[in-house]
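Hello,

Here is the structure I promised to pass on. Please open it alongside this email, and you can follow my notes from strand to strand.

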Amino acid sequence: MAFASFCVSGVVGAATEGTKLNITAIGASAGKSTLECWQLDAPFAVSDTPGTRGSAAANLGNVTNFGFGVIPANFDGGLHNAPANQWVMFTTGLAHITLPGDDSGGAYIQGGEFGLIFAADTANVSEKGHYTRYPGIVETVALQMPTLDGKIPPHQVVRSGPCQTDDMAGLRSFAAAG
């Protein structure tokens, strides 16, 4: 697949100016996995693609080997590294990501509009990886999209730890602008 785009309907051009996408990322530092809130460098643009023309779109870059996974409720994915630098979009369900030796509570990622994360704690940069559990009462559906050539999107770290509701709530303003 050549291009991944995240679209939010009902937007006019002025509402997108300067707005950037914040996502929770699983990164790595000093050989250990980290949870961080990233802000992507590229701002939203106004889509000119038929069917979404006039809405907000964030270019997430090129991806490859796009996968669709259905994970049972109350599933324990165990301790693992990201298999590749990849986007993961949880469309339904609930994921709980924690780090070895970190008692901060980790990140709960609810499927849906704020379900996009980036995983970059591959084995070559993180010795232990992270835990992923799916504590919901329904299955979790996840789209896994490894980036072409393992590219990590240009970004700034907003904070250590996962993004909070206030970091993501700006996306809802797009719908109000339409």
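Predicted model: local features only at pLDDT ≥ 70, side-chain atom pairs only at ≥ 80, totals over all residues.

A95 has I109 as its bridge partner in β10.

Zooming out, β9 and β10 sit in an open, antiparallel sheet of 4 strands, ordered β7-β12-β9-β10. Its edges are β7 (75-80) and β10 (107-110), each of which pairs on one side only. On average, neighbouring strands of the sheet are turned by 15° against each other, ignoring direction.

β7 and β12 run antiparallel and are joined by 4 bridges, and here H80 stands opposite H130 of β12. β12 in turn pairs with β9 over 3 bridges, again in the antiparallel sense. β12 itself, residues 130-134, has two faces: H130, T132 and Y134 are on the covered one, while Y131 and R133 are on the uncovered one.

Where does H96 lie? Its place is in strand β9, residues 94-98, and in β12 it stands opposite R133. Is H96 buried or exposed? H96 counts as buried because its relative accessibility is 13%, below the 20% cut-off. A polar atom of the H96 side chain lies 2.8 Å from the backbone oxygen of G105. Leaving aside neighbours within four places in sequence, the contacts of H96 include G105, Y108, Y131, R133 and P135.

On to the nonpolar cores. The largest has 17 residues, and L21, I23, L60, W87, L116 and F118 are those with the most contacts inside it. At least two of its residues come from each of β2 (20-29), β3 (32-43), β5 (56-59), β8 (86-92), β11 (116-119) and β13 (140-146). The largest share, 3 residues, is supplied by β2. Beyond its neighbours within four places in sequence, I23 is in contact with residues including W38, L40, W87, L116, F118 and M168.

Best wishes

Key. Residues numbered from 1 in each chain as written. Heavy atoms only, no water. Buried < 20%, exposed > 50% of the residue type's maximum accessible area, 1.4 Å probe, protein only. Polar contact = N/O pair within 3.5 Å; in protein donor to acceptor, adjacent residues only side chain to side chain. Contact = heavy atoms within 4.5 Å. Pairing = 2+ DSSP bridges. Axes fitted to C-alpha atoms, helices over the stretch in contact; angles between N-to-C directions. Core = buried A, V, L, I, M, F, W, Y, C linked by side-chain atoms within 4.5 Å.
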